[in-house]
Amino acid sequence: MPLYVVHRVVSGLVTLFGITLVSFGVIQLAPGDPAQLQTAQIADAAVSQRVYEQLRQLYGLDRPVHVQYGMWMSRLVRGDLGSSFHDGRRVSRKIGEALWPTLSVALLSLAATLVVALPLGILAAVRQGGPFDKVSSTLLYMLYSVPSYVMGMILILYLGVRLDLLPFRGMRSDHYAELSTWGQMWDLAKHYVMITFCFTFGNLAYYARFVRQNLLEVIRQDYVRTARAKGLPERTVILRHAFRNSLIPLISLIGLTFPFVLSGSVILEYMFNWPGLGRLYFESVLGRDYPTIMALNFITAVLVLVTTFVADMAYGWVDPRVSYER
Amino acid sequence: MSAEPAARRPRRESRWRLTWRRFRAYRLGMAGLVIVVSLLLVALLAPLLANDQPILCRYDGSLYVPAVIDTLHNVPFTERVIQKRRPFRLATFDFKSEFDASRGDWALWTPVPFGPREIVSAPLLGPSATHWLGTDQSGRDVLSRMIHGAGVSMRVGFLSMGIAAVIGLVLGSIAGYAGKTIDIVISRFIEVVMCFPTFFLILAVLAWLPPRIENVMIVIGLTRWTGVARYARGEILRIRESDYAAAAKALGFSPARIILRHLLPNAMAPVMVSVTFGIAVSILIEAGLSWLGFGVQPPDSSWGTILRAGYENLFTAPHMIPPPCVAIFLAVLSFNLVGDALRDVIDPRLQETRA
């Protein structure tokens, strides 16, 4: 077991190193740099050239690529993500501000997914082949094929514009400061509804199908037959004996899907004018803000690796049959 | 040598025929296939469906087939071989204003008689009898642009997954066949690419490349190959130990020949499934990128750019939102349906695996 942990941590670090290398390469090899972008508007060619040189020196862009990478790495090891090329603010600060909007939506979305998908999946599995199963399976399958941004546009058009029910730009209304505490909470909640739904429905459909599939497999097991033979009520058999065992694969599914919700969605956040990580990434890419892009790539990769690792560990904790020995 | 008469030997069905026979039993898969084929037909025949020049016409005493030649130009390099006759070839020539019935001119028009770039009326008009889906912000016919957008989506879907399949098959089969250090290195590389949020990588690369549809295809292809590579590696690993692989090795065949002739054909099944799902994802990514302004550039049309135009004129011209939404949904749904059916047909053990 400790050997397995060491193995995973080491291979994770290797992967992480590879990711920073690829990110750095992609960013550096591409034409155009932030200094050029920022001096493009200076009319006087000589001044423009001088400022350009100075900026390149300031950003360290005049050094060879491997030196730049080394500088970035040594700062990273000391826990410093650098300053944004765009507005000079600390990258960690910028990410910190964008983290909560994205994280809150991701957590809400995960909670909503589980709350809806688990009962749906169980009901469909218990009445396999029945009308509820057929209708819900078809609907969920169709829902799964709706791209999230298409759903976003439809919701904005019908709920946001036509019916004027829900706001769809940003996190708060313009008059947020004037509202009472309850009014502020209500206002925030209304802003969360549509974007959270867009993050949720696809996963929800997939999870429900997944729960149904797993439960159907577990129901065929011997111990479920034994539980039934003991004369336990069907409810107990399903919920205590079958369902709890079908949850195990769900853990690794969460581990696989959650990091991608967590990294935010560029299109959805842009569409809903949501000040999260996805939009920050989009703006950084447009502004050639190297330190912010690198930091975001790095953090996303860490999140992916950590969540899959945690999911794998949890897997073994819930299911003692899983062995980590090779 | 074989004494068995040909007539008594059971007729051997080819793998593809067998797959097709089983596939036909899946109603949903067939429904998906019908949509896929219709979308492909719309994409291929777009110039015959919506065009600012007619299919067949008489102009100033001679016959012309401009829309037919436009359609032929869908095939690469045909522009070098066949060209429209003058004056239809000229960019400044406007058949509709030159048309003169008194001279004996007549024309057989396409079902939608407007080109995707042709400015036909006032901007942002709602749906009407002439413009079924209304007009866009520049006064172009939305239906015509939707029809021509299908070509973009299909091309991106198939070509980018073609690139991805080649990369994935090469890397996956090398990793699976060679094993040991090479396998570890390639597997680690696959993991690195998988850990990368694909969309971020695509965005990062496209921010620097000139925004052209070819670049979108290449970048999607370069980032979406990991699923194919993993399946190919797994399958090759599995069948590498089989008797026929050992026999091929014993005959002294080169590794390349063993992989290409003996292993890959038997490893293609899960790869096909992965590619089908991949096409759906590529179509999705292309429309999303075009929505963000990184994909198809004006004046060309894509479902994503039409959707974006609808988003920007949300309060004045929302009629541009539902058509691309429906189109993107149908495209994604149909490829998913085909992929699911294909997976069940080829290998039921693969249930509930995707990407």
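Predicted model: local features only at pLDDT ≥ 70, side-chain atom pairs only at ≥ 80, totals over all residues.
1. Across the pairing, B:Arg58 has B:Leu63 of S2(B) as its bridge partner.

2. S1(B) also pairs with strand S3 (residues 106–108) of chain B. Three bridges join these strands, which run antiparallel. B:Cys57 stands opposite B:Ala107 of S3(B). B:Arg58 has B:Trp106 as its bridge partner in S3(B).

3. Some overall figures for chain B. The chain has 15 helices and three strands. Its C-alpha trace spans about 80 × 55 × 40 Å along the principal axes. Of its 355 residues, 45% count as buried. Take the contacts in chain B between residues at least 6 apart in sequence: 67% of them join residues at least 24 apart.

4. Helix H12 (residues 243–250) and helix H13 (residues 255–292) of chain B have axes that come within 10 Å and cross at roughly 155 degrees. That angle makes H12(B) roughly antiparallel to H13(B). Their crossing is right-handed. H12(B) contributes B:Tyr244, B:Ala245, B:Ala248 and B:Lys249 to the contact, and H13(B) contributes B:Ile258, B:His262 and B:Leu263. By class, these residues are five nonpolar, one polar and one charged.

5. In chain A, H7(A) and H8(A) pack at an angle of about 145 degrees, with their axes 9 Å apart. This crossing of H7(A) and H8(A) is right-handed. On the H7(A) side the contact uses A:Ser148, A:Met151, A:Gly152, A:Leu155 and A:Leu159. On the H8(A) side it uses A:Met194, A:Phe197, A:Cys198, A:Phe199, A:Phe201 and A:Gly202. The contact residues divide into eight nonpolar, three polar and no charged.

6. How many residues of chain A are in contact with chain B? The count is 38 residues of chain A, against 30 residues of chain B. Helices of chain A that each supply at least two residues to this side include H1 (2–29), H7 (148–162), H8 (181–219) and H14 (290–318). H12 (266–271) and H13 (277–286) of chain A also supply at least two residues each. The side of chain A that touches chain B has 30 nonpolar, eight polar and no charged residues.

7. B:Arg308 deserves a look. The residue lies in helix H14 (residues 303–312) of chain B. Is B:Arg308 buried or exposed? B:Arg308 counts as buried because it has 21 C-beta neighbours inside 10 Å, where the cut-off is 20 or more. The C-alpha atoms of B:Arg308 and B:Met272 are separated by 32 Å, and the two residues are 36 apart along the chain.

8. Now the backbone exceptions. Most residues other than glycine have a negative phi, and most peptide bonds are trans. The peptide bond from B:Arg86 to B:Pro87 is cis, with omega near 0 degrees. B:Pro87 is in the loop between helix H5 (78–81) and helix H6 (95–98) of chain B. Another cis peptide bond joins B:Pro298 and B:Pro299, with omega about 5 degrees. B:Pro299 is in the loop between H13 and H14 of chain B.

9. A:Asp164 is not a glycine, yet has a positive phi of about 55 degrees. A:Asp164 is in the loop between H7 and H8 of chain A. With 8 other C-beta atoms within 10 Å, A:Asp164 is exposed.

10. B:Leu124 likewise has a positive phi, near 60 degrees, and is a residue other than glycine. B:Leu124 lies in the loop between S3 and helix H7 (142–178) of chain B. B:Leu124 has 17 other C-beta atoms within 10 Å and is therefore partly exposed.

Conventions
Residues numbered from 1 in each chain as written. Chains lettered and ligands numbered in written order. Axes fitted to C-alpha atoms, helices over the stretch in contact; angles between N-to-C directions. Helix = DSSP H or I, 4+ residues; strand = E, 2+ residues; numbered from the N terminus. Parallel < 35°, antiparallel > 145°, perpendicular 65-115°, else oblique. Left-handed = near helix turned anticlockwise from the far one by under 90°. Contact = placed C-beta atoms within 7 Å. Nonpolar A, V, L, I, M, F, W, Y, C, P; charged D, E, K, R; others polar. Pairing = 2+ DSSP bridges. Buried ≥ 20, exposed ≤ 12 C-beta atoms within 10 Å, placed from the backbone.
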